Amino acid sequence: MIESRGRKSPYLFLAPAIIYLGIWIYYPIAKNFYLSFLGTEGTHGADFRFVGLQNYHQLLSDELFHRALLHNLVWVLLSILVPVVIGLVLAVLLVHKRTRLFYSAIFFLPVTVAPIMAAVVWGWIYNPTFGALNQMLTLIGLDSLAQPWLGDAATALVSVNMIGSWGYYGFCTLIFLAGLQNIDPEIFEAARIDGANALQQFRSITLPLLKPTLTFVLVYTTIGSMKFFDIIYVATKGGPDNSTQIVAVYMFDLFIRQGDVNYAAAMSVVLTAIILAMSLLAIRNMTRKPS
Amino acid sequence: MTASSAKLDQVSAGPRVSIRQVEKSFGGTKVLKGVDLEINSGEFLILLGPSGCGKTTLLRIIAGLEKANRGEIWLGGSEVSALEPKERNVAMVFQNYALYPHMNVYDNQAFSLRLRGMSNARIKGRVEGAAAILGLQTLQNRFPRQLSGGQRQRVSMGRAIVRSPGIFLFDEPLSNLDAKLRVHMRGEIKDLHHRLGTTSIYVTHDQVEAMTMGDRIVVMNQGVIEQVGHPLDVFDKPKNLFVAGFVGSPAMNLLTGSMAMEGGHPIVRCSHELTVPMPQSAMKFNGRAVTLGIRPHQLGIDVRGSYEAEIRDIQPTGVETILLCRLAGQDVLVQTTERITGKAGERIRLSMNAGNLHLFDTASGERLEV
Amino acid sequence: MSPALRGLLTRSGAGFVSNGILVIFVLISLFPVYLMFITSLKSQAELISNVFALPHDPKWGNYYLVLIQRGYYKAVINSLIFAGSVTVLTVLLSVLAAFAFAVFDFAGKRTFFVLVLVGLMVSEVSILIPVYNLLKSMNLLNTYVGMILPQIALGLSFGIFLMTTFFREVPRELIDAARLDGCTDWQLLTKIMIPVGLPGINALAVIEFLWAWNSFFLPLVIATKQELMPLSVSVIDFMGRFTFNYELVATTCVIMFVPILILYIFTQRSFRRGVTMGAVK
């Protein structure tokens, strides 16, 4: 590490990025914060005035917002239960295989597919009349299970989450695989000599040593789930009956269709605050490295 | 070889180096606690000490890679403490060679000269000169990953030589090489120093390197200099218990006891069975807690010896044999060129020559001159 | 049954199960992509009568229709300009900042790094209105520049984080050697760190390119004129206008996917490195 008492250059190298983030990230956050205290109520048109915490009060009683937030949390949970767990299992199955590069390359392919494309293609797969899923169920005699997956409020959220999971488990597989390959194989050999079976090895060696990787994936998944937008916007736009409404989609709707900028700003402040709070621990972990 | 080395620019013996009251902390840990050191022009100086003693930090401060918290570094007649590494005209050879992986051997050496704006013709002359000295002629187009450890080390030295620096700094340059190559490179570095005569500072934790290569050894421990001197002087007259225990391999035997008088003669009493007579001049230390030091090769196996010991373990190395013995409740090592046929558990008799004994004050660790 | 035989059987049984799981996920990974390709070559009539199988009579004309007659080649060009510019500029800014974080020790470093990480946590929807108004005041709505500038910010925090991890892998001794050899800070960056860190820079570049190519939200809001739309927005735009021409929508999807597929096949190692580096090291 080059010590730089009285040296300007690290700041010069840093300046472009920080100024850039300042304009396009920090300033918008601050601007939202400011906007969230304004409102148009009681006045005419665009004549904004200070309304204090009124927008935040409204959030407290907005049931749709609560539902959207709940859906985000469900989304976090599903994204951990499905793609993260699948990724972990696939990585464990692959780590000692010579074909692991081949398999993991194929598992990663869906990650390269644009979310909107995944939404379009899976929209067809889920289609109640000609969709591949229902046809396949009929083919194997399970036609009783066939249903309008995205059209039914009961199944829509899980179904749309599966689209996201499809584009994510390969990412988790790759990361876990790298994490597992980082563990010294001699440790497993030592455990085998000590008489540990596969499950015991997984519980007492793989999981503890994989913890940093696991933490990263969980944090990354959580942040991504709270910000989620593209697939839901294309696949269901929050419907049916708001059963897939999540905060980002609701916020976009407020911005664009209803033009309620100040209310949406308050919502974005709350969303950002929630994500920041959830990531606080992670930030601590991540900043320990460069200091 | 001499002809080609003449192609290098005029080499001077390099400046004197003065280190004055240098202190350095990392976080809350004091790594150097006020180090003073004078290094003569053209000298080959060894910084020796266990890991974490501050020797590498001191080297990096001389190079300018770290800034001292306090104190001054003088090169020649000028203070350089505030200068950048490149303004100090020093070259360094690293433990991991630190060759630029994306440049071939020639470019690795030419890099610093190009940065200085030297003409291509002159660069070529210098690199070829260094190549002739180090035997790198056929390797110039190879990349570091295509070289063996010894070859990399040579390129790393070539990179230092072509600059004709005022000072060479070596940071444990041989510790990644296998034993055989290490012996060979030791000779090459020493030979190089004879030829170029440039002031060199060499960090190592290796006893043999320190003893065989240095004009002087600086023994460091926990951020302070314990002793400075000619290798054999340090070996023969260690200034304190740390140096006594650290310099020399196998390590000096240290027996704790107290100075007493017996029949008008001073003795060191280590236990009931073990008393060692001392010269009359040691009388002045009567009553003190002392530590008696004797090197393993100076403990003789002698049927008429005055001390009985029990053999614990026999370690023959072929050239010599090292015995681990129990002597009056304390472990001692005995080093002998004889082949020992005995077994563990057997008893032998040992003798020691009063002239080979070292006496230290147990409390302060300082050497007591008798 | 002898223990040895039982052991053999359970082991091959476990192997059977694990290979079965792997094959199932190979199918799950590939099926939607396969479906997209075959659908793009079908006729309207075949869409419902033949969902799974290859088309009886591949309609390559769908591609001509979409690319040339519907003018989709323009969207391809737009996407190349958009994703290319975003990638180059993001990598540039990331490399500069990561150099400072990875190599120097300076006052406020931790604070700045936390500030950078905050960028990872901001939803693009959250910042829409201020960004939109900013672009409007700069007269940049419906311009390439207007699409490119804010998109860079979305990938920049990740880029800095990743490049910092890469640069920290460069051995300290190499940096020391370069400083002793006379490098200025700028030369240290351009002559040592960038060449040595090139695999990392490639990894970052392919990931940022993938993200920008696939990104949808900002271009959707900023590029409302059809001649500026990148592929992502065009696909949705096309879908809105030809809802029931699935075969043509599939064609637009394939056109969008093929460049990424080619990139993925040729730069797999970079993808792998980019995805795993920040997480594992």
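## Where chains A and C meet

The contact between these two chains draws on 78 residues of chain A and 75 residues of chain C, where a contact means two C-beta atoms, placed from the backbone, within 7 Å. On the chain C side, helix α1 (residues 3-40) gives the most, with 11 residues. As for the classes, Ala, Val, Leu, Ile, Met, Phe, Trp, Tyr, Cys and Pro count as nonpolar, Asp, Glu, Lys and Arg as charged, and the others, Gly among them, as polar.

Keep in mind that this is a predicted model: local features need pLDDT of at least 70, side-chain atom pairs count only at pLDDT 80 or more, and totals for chains, interfaces and linings use all residues. Residues are numbered from 1 along each chain as its sequence is written, while chains are lettered from A and ligands numbered from 1 in the order in which they are written.

Strand β1 (residues 2-3) of chain A runs parallel to strand β1 (residues 104-105) of chain C, with two bridges between them. A:Glu3 sits opposite C:Asp105 in that chain C strand. Strands here are DSSP E runs of at least two residues, helices are H or I runs of at least four, and both are numbered from the N terminus; two strands pair if DSSP finds at least two bridges between them.

## A helix pair in chain C

Helix α4 (residues 73-103) of chain C packs on helix α10 (residues 198-214) of chain C, with the axes 8 Å apart and an angle of about 140 degrees. That makes α4(C) oblique to α10(C). The axes are lines fitted to C-alpha atoms, for helices over the stretch in contact, and angles run from 0 to 180 degrees between N-to-C directions. Angles under 35 degrees count as roughly parallel, over 145 as roughly antiparallel, 65 to 115 as roughly perpendicular, and the rest as oblique.

The crossing of α4(C) and α10(C) is right-handed, meaning that the near helix is turned clockwise from the far one by less than a right angle, with anticlockwise giving left-handed. Residues making the contact include C:Phe82, C:Val86 and C:Val91 from α4(C), and C:Leu204, C:Phe209 and C:Trp213 from α10(C). By class, the residues of this contact are 11 nonpolar, four polar and one charged.

## Chain B overall

Chain B has nine helices and 20 strands. Its C-alpha trace spans about 80 × 50 × 40 Å along the principal axes. Of its 370 residues, 39% are buried: buried takes 20 or more other C-beta atoms within 10 Å of a residue's own, exposed takes 12 or fewer, and partly exposed is in between, with C-beta atoms placed from the backbone. Among chain B contacts with a separation of 6 or more, 66% link residues 24 or more positions apart.

Chain B also touches chain C, with 17 residues from chain B and 14 residues from chain C. On the chain B side, β6 (90-93) and α3 (105-115) each supply at least two residues. That side has 12 nonpolar, three polar and two charged residues.

## Sheet and hairpin in chain B

Five strands of chain B form an open antiparallel sheet in the order β13-β12-β11-β14-β20. Its edge strands, each pairing on one side only, are β13 (275-277) and β20 (358-361). Neighbouring strands of this sheet are turned by 40 degrees against each other on average, direction ignored. Within the sheet, β11 (residues 253-262) and β14 (residues 289-294) of chain B run antiparallel, joined by six bridges, and B:Asn253 has B:Ile294 as its bridge partner in β14(B).

B:Val218 is bridged to B:Val228 in β10(B). Two residues lie between the strands of this hairpin, and B:Gln222 takes a positive phi near 50 degrees.

Most residues other than glycine have a negative phi, and most peptide bonds are trans. The peptide bond from B:Ser249 to B:Pro250, though, is cis, with omega near 0 degrees. B:Pro250 belongs to the loop between α9 (241-246) and β11 of chain B.

B:Glu172 has a positive phi near 45 degrees and lies in the loop between β7 (167-171) and α6 (179-196) of chain B. B:Glu172 counts as buried because 21 other C-beta atoms lie within 10 Å. Over in chain A, A:Asn242 has a positive phi near 60 degrees, in the loop between α12 (230-235) and α13 (247-258). A:Asn242 has 18 C-beta neighbours inside 10 Å, so this residue counts as partly exposed.
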